[in-house]
Amino acid sequence: MDNIAGSKPTLTWAVHISVVALVLLWLFPTIGLFVSSFRTADQISSSGWWKALFPTEQNMTLRTAAPETQVQEGDLWVIEGNLFEEENSDATIATWGTSSRDLSAYQPGDTAEDDGMRLTVEADGAYRLTSGTEMEGRRGERVFVVAETPPDFTLANYRQVLLSGDSTDSMSKAFFNTLTVTIPATIIPIVIAAFAAYALAWMDFPGRALLIAFVVGLLVVPLQLALIPLLKLHLGIGIGKGYLGTWLAHTGFGLPLAIYLLRNYMVGLPRDIIENARVDGATDFQIFTKIILPLSFPALASFAIFQFLWTWNDLLVAKVFLIDATGQTTVMTNQIVELLGTRGGNWEILATAAFVSIAMPLLVFFAMQKYLVRGLLAGSVK
Amino acid sequence: MATLTLSQLDKSYGAFHAVKAIDLDVSDGEFVALVGPSGCGKSTTLRMIAGLEEISSGDIRIGTRVVNDLPPRDRNISMVFQSYALYPHMTVAENMGFTLKIAGRDKAEIDRAVTEAARVLEIEPLLDRRPAQLSGGQRQRVAMGRAIVRDPDVFLFDEPLSNLDAKLRGQMRTEIKQLHARLGATIVYVTHDQVEAMTLADRIVIMKDGRIEQVGTPDEVFNHPASLFVAGFIGSPPMNMAPATVQGGRLVLGDGAALPVPPDITVPEGARVTLGLRPDDLYPEGHGIHSEDGHAVESRELAVDISEPLGNETLLFVPFGGSTWTARMLNPRAVRRGETLRFHFDLSRAHLFDADTGQSLRT
C-alpha cells in the first residue's frame, strides 16, 4: 500500500516549505503595494514599507514650556504640561534624559534632579518641572527622549486618487471606463461561446469535427496580428474607436479559448442526463438552458474570471480600439501609465492607483473562487 | 398504455450490423424483458424505441402510430437509465416534475402528479432533497418516479438495477414487479441478468448478435429452449452440455460412455448432437427434486470431483463422458472429494441440440 499513487511523498516537508516560499514570493510585491498605498510620501521616502507595520523608535529633542508659564505653589515654582504638545503625537516615551549624551538615563515616571530643579516625565509625555527658585530664561528646558511611534496610516492617497476629481490623479473616471469595457467584454463572449460549445458538444451536424479543429486552431493566432486589420475594418464600417469596437475585439480574441474550454466541459457531462431530458420532452434549446447551462456553471464561472481578468488588465486592445485624443475613454491601465509620466516620483499615488486597479480582480476572484473548485455533478449518476 | 410493434427493425453502424431485422409484438400492459450478453443489440433496440438512435430500416409502432422519425419527446415514452441520469441541480420534486414543466402544464397539476408518484414509490419525504443526498436505492426510486409522472404509453428500462448491490437489487426487483401490477403499464426492460428477466417479465426476448434467438414466457424459455444459446443463457447454474453422437440408438459421449436418447426425441443414426441437461435433473439418489416414477431415469455410479455447499443445496462437479457435469444435491449432506455416489440422469427432461445449427431437436 505504500507505493501506490496517493500515498504521502517522503519529502512532504520540502513540498510544504516550497509552497510557502512560492506563495510568499508571489504575495510580497502586492502586500508592499498595499501597505505603501496607506503611507504618506514622507514615510515612503524615509523608511521601507515593511517598517510601517511596526512601531518606530525615534530620538527626539523636546522642550518644556517657557519659564514665563511657571506657577508658584507654596515655595515651589512649577511648570506642568505635555512634551508632545506641539507635535500632537500619540508616541510613547521609552526612556529620557536631560543630556544629549545619555538618552536612556531615566525611565518614564523617574525624577531627574539638577541644580535644585526636579523634572518628572511620564510615558505619555506629561511632565512636571519644579524649582526652589524662580526659573529664568526665555526658553524651556530641553528634554531628550527615545519615543516609540505606533504605525501610522492614512487614507489621504485614496481620497486623492478616487475622490479628488483632480484630472491628472483621478482614477475614478478610468475605473468606470474600465468597468464599461470589461463587463460586456466578459458577458458577450460567454453567451456566444456557451451556445457554440453546446452545439459542438451535443448536436450532430456534418463538419462538426472540422469546426472544432478550426476553433482550436484559432487559439494559436496572436492577437497582435489582427490589431491593425481589425482597426481598419472598424474604421471602414463606421464603428470607429469606441466601446463597441473594444467589446467586439475582446469578444473575438476571447472566443476560441471560451468555446474550447466550455465545449470540453460540456462534452464531459453525462450523456444519460441529456438523453433523459430528450426523452422527457425537452427541445435542444430547453436542454441547453435548463440542463447544460446550470451544470456548466463552474466552467462558465472559471472562464468568466479569466476573461474578466485579462480584459481588466488589458492595455493593448484598449490603446488600439478605445483611447482617443480626448482622453475621455481612458482605462485604468492607461491611466497608470500616464501617472508614471506625470507623478513618477510620487510612489504613494502610484501604489494607490495600482492597488485600486488590482482591487476589483481580487474581489472577483474571491467571490467566484468556490465555483472553480466545486463539482456540481456529485450525485447525478452513480 | 399502448401496444408496441417492431417490424424488420434494423440498425447498422457503418459496416457493423448491430440489430438484424428483428420482429417483436408487445401487447398492451405486457412486461417484456430483452436479455442477452453484451453487444447483442438489446440496448440499441431499446434506444431505437426511445428515439435516441436512428433506425436504419424497418418500423416501430406505438399503438397504431409509426414513430420511426419522431423525436423522443413526441413518442410519449419514459425511460429509466442505468445511471438514473437524475438532474443534479434540481430537487427530487423538480426532477420528477421536469417533464410536465417542459410540456407546459400548470403548477398545481405538476404538484399533484409528483405527489401521487412519490406516494406510489414511498419517496414523499425526499421530495426536497437533491440527488447527491440520496442513497443508490432512493435514486433508483426517483428515476422510476420520474418515469411514472409522465404517464407514458411505454416504459423503457435500461438495466436499471445493475448499479445496486445484490440485496437492494432483489428488493427493487420486487418493487418493479408490484409497480407493473399496479400501473398495468407496457414495459420493455433490458437486462443482462437472466434472473431479473425470469422473475419480472411476462415474456422474455433472448438476443444474440443482433438477432432474436427466442421469444417466450419464462417457463417456455427455461423448459423449452429453442437453441443451445438460450439453453446456456437461461438458468443458473448453467445447463450441462455434452457433445455426443447417435450410435445404435444411444448417445455416445466423448470418452465412449453412452446414455439413452431422451424419450420423445427422434434423431437419425450417426447425427452429431449436443446433449443438454440441467443440474436440477442430475442428482445423487435421494437428493433430487423429482421422484423417479414416470421419468426416464438413467443411473450411474460416479465419483465427485468438487463440491460447493450452498446451505440449502450443494453443487457437485462430476466428471463423466469426457466433460464435467454439474449436479444439484438437495437436502445436502457432506460429500468428500472423490466419494462415489449413485447419480440419476432424468433424461425425460434432457434436451438435444443439433451440433451444427444449435437448434433444439425437441419438437
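Start by selecting the two domains of chain B: their centres, taken over C-alpha atoms, are 39 Å apart. The bounds to type in are 4-233 for domain 1 and 240-354 for domain 2, and such bounds come from an automatic or database domain assignment.

Before going further, a word on what you're looking at: this is a predicted model, where local features need pLDDT of at least 70, side-chain atom pairs count only at pLDDT 80 or more, and totals for chains, interfaces and linings use all residues. Residues are numbered from 1 along each chain as its sequence is written, while chains are lettered from A and ligands numbered from 1 in the order in which they are written.

Now look at where the two domains of chain B meet. Five residues of domain 1 of chain B are in contact with five residues of domain 2 of chain B; contact here says that the C-beta atoms, placed from the backbone, lie within 7 Å. The domain 1 side of that meeting has three nonpolar, two polar and no charged residues. (Nonpolar covers Ala, Val, Leu, Ile, Met, Phe, Trp, Tyr, Cys and Pro; charged covers Asp, Glu, Lys and Arg; the others, Gly among them, are polar.)

Next, select residues 4-234 of chain B, which an unreviewed UniProt entry annotates as "domain: ABC transporter". UniProt positions are given in the numbering used here, feature names are shortened, and annotations may be inferred rather than shown by experiment. This stretch is 37% helix and 26% strand, with its end C-alpha atoms 25 Å apart. Helices (H or I, at least four residues) and strands (E, at least two) are DSSP runs, numbered from the N terminus.

Stay in chain B and click on B:Arg362, in the segment after β21 (351-354). Leaving aside neighbours within four places in sequence, B:Arg362 touches B:His224, B:Ile265, B:His351 and B:Leu352. Show B:Asp264 too: B:Arg362 and B:Asp264 are 98 residues apart in sequence, yet 7.8 Å apart in space, C-alpha to C-alpha.

Time to cross over to chain A. The contact takes 25 residues from chain B and 21 residues from chain A. On the chain B side, β6 (77-80) and α2 (92-102) are the elements that give two or more residues. That side divides into 17 nonpolar, six polar and two charged residues.

Zoom out on chain A, with its 13 helices and eight strands. The C-alpha trace spans about 110 × 65 × 35 Å along its principal axes. Chain A is divided into domain 1 (12-52), domain 2 (55-149) and domain 3 (159-373), and 64 Å separate the centres of domains 2 and 3, over C-alpha atoms.

For the strands, pick β1 (residues 56-63) and β8 (residues 142-149) of chain A, which run antiparallel and are joined by eight bridges. Strands pair if DSSP finds at least two bridges between them. Find A:Thr61, whose bridge partner in β8 is A:Phe144.

Last stop: the unreviewed UniProt entry lists several "transmembrane region" stretches in chain A, including 13-35 and 181-203. Residues 13-35 of chain A are 100% helix, with end C-alpha atoms 31 Å apart. Residues 181-203 of chain A are 96% helix, and their end C-alpha atoms are 33 Å apart.
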